[in-house]
Structure formats: C-alpha cells, structure tokens
Amino acid sequence: MVDVDLLVIGSGPAGESGAVQAARMGKRVVVVEKEPVLGGTAANTGTLPSKTLRETALYLSGYRARGLYGVERSLRHEATVSDFLYRERRVKDVERLRIGQNLQRHGVTVIQGTASLVDAHTVRIRQEGHPERLLTASYLLVATGSSPYRPPLYPFGDDRVHDSDEVLELAELPHSIVVVGAGVIGCEYACMFAALGIPVTLVDGRKELLPFLDDEFSTLLGQRMAALGIQMRLGFTVEDLQMTPGAPLRLTLSGGEVLETHQVLVASGRSANTAGLGLEDVGVTLGTRGLVEVNATYQTSQPHIYAVGDVIGFPALASTSMEQARVAVLHAFGMPRGLSPILPYGIYTIPEVSMAGETEESLRAKGTPYVAGRAAFATNPRGQIIGEQHGRLKLLFHRESLKLLGVHVLGEQASELVHVGLTALVAGAGAQLFMETCFNYPTLSEAYKTATHNALHQLEPRDQAAPVSTGT
Ligand SMILES: Cc1cc2nc3c(=O)[nH]c(=O)nc-3n(C[C@H](O)[C@H](O)[C@H](O)COP(=O)(O)OP(=O)(O)OC[C@H]3O[C@@H](n4cnc5c(N)ncnc54)[C@H](O)[C@@H]3O)c2cc1C
Ligand SMILES: NC(=O)c1ccc[n+]([C@@H]2O[C@H](COP(=O)([O-])OP(=O)(O)OC[C@H]3O[C@@H](n4cnc5c(N)ncnc54)[C@H](O)[C@@H]3O)[C@@H](O)[C@H]2O)c1
C-alpha cells in the first residue's frame with residue numbers, strides 16, 4: 001500500500017496545476033517544495049515579478065503618456081530601486097498566498113523539503129533541522145522547473161554581473177547595462193531598463209530578433225526597441241569580459257567592438273532542475289542541459305513517472321506548463337486528453353507582441369495559399385484615444401476556405417487581444433466569424449473586423465491581379 005496516489009515535486013505553475021487536477025479527481029496528493037515559498041519561477045523570480053516590473057517601468061517613465069495631450073512627459077530619473085520593486089513584492093506575496101490557499105482548499109498536503117528519488121516509487125524528503133522522510137506514491141509528477149544557465153565567462157559573484165534571478169535584487173538602478181541574450185527574457189528586461197531611461201545594449205549571437213515570430217513582427221519589434229533607445233548588437237557574441245575595480249566593465253564582442261557598461265545581465269538560456277533528483281538512477285532518461293525526455297502524454301521512460309513544465313524544455317512557459325500538468329494527470333488517472341494544438345505566445349516587451357498559429361513564413365514553407373489582413377491601431381478609434389501609434393494586428397486566412405490560420409498582434413494589450421484570434425483558431429472559425437460578430441466600440445478588438453475587411457478586400461475581383469499582400 002503506497003502513502004499517496006500522486007507525489008508532485010515542485011510548486012510552480014506545473015506542480016500546482018497537476019496537484020489540483022489530481023485532487024479534483026479524488027486522489028491523495030502531496031506536493032514537495034524545497035523553497036520556503038510556493039510558486040516557483042513564475043511567482044517568485046520570473047513571470048510575475050518581471051511583468052510587474054514592466055508595469056512599474058511604464059508608470060515611472062510616463063511611457064504610456066508620451067505623445068498624449070500634446071506634452072512629452074520627461075522620464076523620472078529619480079526612480080529608486082525601492083520604487084521599482086515595491087509592487088513586485090506585493091504581487092509576489094499575494095500570488096504565494098493564493099497558491100497555498102488553492103492547494104489547501106483542494107486537500108493537497110504541502111511538505112517543505114528537497115525531494116529526491118530513492119527508487120521508482122519512493123521519494124526522500126530532506127529539510128534542514130528536520131528528520132528525513134520517505135514517501136511512496138503510485139505516480140510521480142516531476143515539475144522542478146529550470147534555472148538560469150550561467151556561462152563560465154561571467155563571474156556571477158560580482159555585484160555588477162547578474163542572471164535573471166539576481167536582477168530582482170539590484171541594489172541600485174544601473175547607469176547603463178548590457179543584456180547578453182536577446183531571447184524573451186533578454187528582450188523583456190532590455191525594454192524595461194530602456195523605458196526607465198537607462199542606456200541598454202542588447203547582444204545576441206543570432207541575427208534575427210525572436211526568430212519564432214512572424215518576420216514582419218520581429219522586424220517591427222526591433223524597430224520599436226531601437227526607437228526606445230536600445231542599441232542592438234545582433235549576430236555578435238561576447239568574447240571577453242574585463243573587470244577593473246572602479247572602472248566600467250569592458251565586453252569585447254566578436255568582431256572586436258568593445259562595450260563599456262556599469263552592469264551586465266546574462267540571459268542566454270536556462271537549464272533543467274534535475275541535478276540531485278536521482279532520476280537517472282531509477283531509469284529516467286535525461287537529455288541536454290538536464291532536460292527530462294517525455295512522450296506525448298508526458299510520461300518519462302518510467303511510465304508512472306511524469307514530467308512537465310520547464311524541466312522538459314520547449315516551450316517552457318507558465319501557461320503551457322499548467323496545461324501539460326493537467327494533461328499528464330488526466331492521463332495517469334485514466335482520462336486521457338490532448339494538449340491544445342495551438343498555443344499562444346505573449347511577449348511583454350515594450351511594446352507587447354503576441355501570436356498564435358501560423359506565421360507567413362511557416363505557411364509559405366508548407367505551400368499553403370493564404371491572404372493576410374492588417375489593421376493599424378493608429379487608425380483604430382480606441383488606438384487614437386490611447387495614443388497607440390505603432391500597434392498592428394495581422395490575421396492570416398486560408399486563401400480559399402477563409403479559415404483563420406494565424407494571428408499576430410503588436411502593441412498595447414497584445415497578449416490580451418490575441419485571445420480573440422486564439423479562440424477562433426481553436427474553434428476552427430474564419431473570416432465569417434469576425435464579419436458577423438458585433439464588437440464593442442471603440443475598442444482595439446474591433447481591429448479584428450478591420451483586418452478581416454482588409455483581407456477580403458484583397459480577394460475582391462478588381463484586385464485579383466494584385467499579389468497577395470506579404471509586406472507591411
Ligand atoms: C524572467 C522570466 C520571465 C518569464 N515570463 C513568462 C511569461 O510572461 N509568461 C509565461 O508563460 N512564462 C514566463 N516565464 C516562464 C515561466 O516562469 C516558467 O515557464 C514556469 O515558471 C515553469 O513552471 P514550472 O512549474 O515548470 O517550474 P518553476 O516555476 O520553476 O517551479 C519549479 C519548482 O520546483 C521546486 N523544486 C526544484 N527542485 C526541487 C526538489 N528537488 N525538491 C522540491 N522542490 C523542488 C523549485 O523550488 C520551484 O519552486 C518566465 C520566466 C522567466 C525566468
Ligand atoms: N513572455 C514569456 O512568455 C517569457 C518571458 C521570459 C521567459 N520566458 C521563457 O523563459 C525561457 C528562457 O528564456 P531565455 O530568454 O533565457 O532563453 P532563450 O533560449 O529563449 O534565449 C537565449 C538567447 O541567448 C542567446 N545566446 C545564447 N548564448 C549566447 C552568447 N554566448 N552570446 C550571445 N547570445 C547568446 C540565444 O541566441 C538566444 O537568443 C524561454 O523558454 C522563454 O519562453 C517566457
């Protein structure tokens with residue numbers, strides 16, 4: 001007889017979601033969390049803190065008020081780290097409390113301690129000052145997340161060199177910063193610092209910015225980030241770092257350019273938190289950077305051990321981690337369901353970018369005939385009111401069936417607006433849905449109708465000779 005039906009390792013979005021799903025199915029569930037606080041990267045060092053800091057940066061800089069009312073509000077250079085972190089702490093506290101209450105309400109037992117596997121069904125829990133505990137479980141859900149990858153070039157003990165966890169503990173706002181890695185984390189932090197008026201240089205070995213985005217939106221985002229003052233160094237890596245006390249840091253890029261800066265943020269990827277878990281010893285296969293290998297139902301090479309969230313790698317989002325956990329637990333307890341085939345991306349740069357479904361590039365690669373409809377927020381009444389001059393919605397429809405294939409948004413509320421298109425994509429709907437839906441007026445959402453008109457207009461007989469629009 002085992003102690004519990006499901007033992008979950010980790011209380012991030014994946015662990016919480018999996019535990020609650022199993023508890024709702026009447027299972028006995030334990031969550032083991034090594035930190036004294038619940039919520040993992042999402043609540044404590046990643047998603048929510050960074051999104052709260054973004055809002056704070058927008059507020060302190062007066063960014064949203066720029067260009068409105070005929071005045072150009074100047075940046076508040078006197079913003080302190082304490083101003084900057086105040087709301088971040090409050091949001092974190094509320095989220096930790098919410099998670100604890102959610103688990104308690106569902107009868108999930110939370111044990112603080114570091115978990116490792118003794119055998120395929122037994123977990124050892126260690127907590128300093130407490131006797132070791134062993135628990136047996138029918139199923140295990142590994143949801144231990146990931147940590148910033150620390151390239152050996154950077155001395156992370158120095159208070160001028162940070163990873164994305166440490167950047168939340170800044171003693172003062174940097175006078176200048178180089179961000180190494182223009183992935184989602186690097187781009188989001190680069191925008192926040194730039195909005196606060198801090199000189200930012202963003203370095204990435206890749207030439208394209210966020211290459212999973214539709215090209216048009218990647219280019220547009222790059223233009224807006226440059227307009228925010230970010231110096232882009234795409235296609236370059238950092239070859240050397242010189243640190244002299246009392247002098248700026250000197251980073252030598254491939255190509256020879258030397259960047260001088262007060263601080264460095266390294267955001268060049270993450271590694272799975274699997275060290276010391278003992279997974280390999282019980283026959284679970286690990287891949288690069290410690291990632292756990294799983295099948296479509298999130299089973300590892302030991303079928304009763306599931307792994308979900310950042311610990312399995314791409315797409316490594318809070319949103320997808322929760323869904324993977326739900327799907328894994330349903331599978332374990334005999335109610336198999338698939339993960340939604342279309343997953344959204346919300347990128348909280350300044351401006352926000354969000355997408356779901358196909359890009360123009362992926363459609364061209366598949367040879368799928370399509371038509372792109374666009375709507376500019378600058379000519380949308382709500383966009384006018386809020387001073388949104390650069391935002392854009394693009395809808396990609398199948399050229400013959402007019403089924404929606406992709407949705408791309410840049411600008412204010414992009415990560416919210418995308419859900420109208422995402423819902424249509426999941427429902428298999430198309431142009432007709434947007435034509436026949438009455439949208440609130442004035443709203444940015446109304447851009448769905450405008451973009452649909454724009455697409456249909458291109459298919460009208462008088463335009464048939466014109467090529468399908470692919471430009472901006
Ligand atoms: C700066 C930043 C911004 C981000 N922004 C977004 C965003 O806007 N949107 C989005 O969807 N995603 C975002 N993400 C990604 C998101 O945070 C992660 O995808 C998500 O947190 C993964 O959830 P998880 O439950 O798999 O892991 P985590 O949230 O990392 O949780 C894992 C938990 O397991 C615990 N643990 C680890 N090992 C053990 C052990 N041996 N025993 C017991 N407990 C253990 C850890 O302490 C931790 O609490 C961001 C990430 C970062 C770093
Ligand atoms: N809004 C969101 O959804 C959100 C926000 C933040 C993070 N996340 C998730 O967190 C995860 C990690 O993000 P990340 O940005 O750390 O990793 P990433 O892998 O997405 O990006 C790392 C970047 O660093 C670059 N790089 C690597 N080594 C380099 C070097 N030596 N020199 C220069 N550039 C180098 C890579 O080319 C890449 O562009 C991602 O999976 C992401 O989805 C999501």
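Trainee: In which helix is the place of glutamate 188?

Mentor: This is a predicted model. UniProt, in an unreviewed entry, lists Glu188 among its "binding site" positions. The place of glutamate 188 is in helix α5.

Trainee: Is glutamate 188 buried or exposed?

Mentor: The relative accessible area of glutamate 188 is 6%. Buried means under 20%, so glutamate 188, at 6%, counts as buried.

Trainee: With which residue does glutamate 188 form a salt bridge?

Mentor: Leaving aside neighbours within four places in sequence, glutamate 188 is in contact with residues including Ser50, Lys51 and Tyr348. For the salt bridge, the closest N and O atoms are 2.6 Å apart. The cut-off is 4 Å, so the partner of glutamate 188 is lysine 51.

Trainee: How many salt bridges does the rule find across the interface of domain 1 and domain 2?

Mentor: Domain 1 covers 4–147 + 271–332, and domain 2 covers 161–268. Together they bury about 1400 Å², with 69% of it on carbon and sulfur atoms. Thr45, Val81 and Phe84 supply 33% of the area that domain 1 buries against domain 2. Across this interface the number of salt bridges found is one.

Technical notes. Residues are numbered from 1 along each chain as its sequence is written. Chains are lettered from A and ligands numbered from 1 in the order in which they are written. This is a predicted model: local features need pLDDT of at least 70, side-chain atom pairs count only at pLDDT 80 or more; totals for chains, interfaces and linings use all residues. Side-chain values use heavy atoms; hydrogens and water are left out. UniProt positions are given in the numbering used here, feature names are shortened, and annotations may be inferred rather than shown by experiment. Helices (H or I, at least four residues) and strands (E, at least two) are DSSP runs, numbered from the N terminus. Buried means under 20% relative accessible area, exposed over 50%, partly exposed in between (1.4 Å probe, protein chains only). Contact means heavy atoms within 4.5 Å. Domain bounds come from an automatic or database domain assignment. Buried area is the accessible area (1.4 Å probe) that two parts lose on being put together, summed over both. A salt bridge is a side-chain nitrogen of Lys or Arg within 4 Å of a carboxyl oxygen of Asp or Glu.
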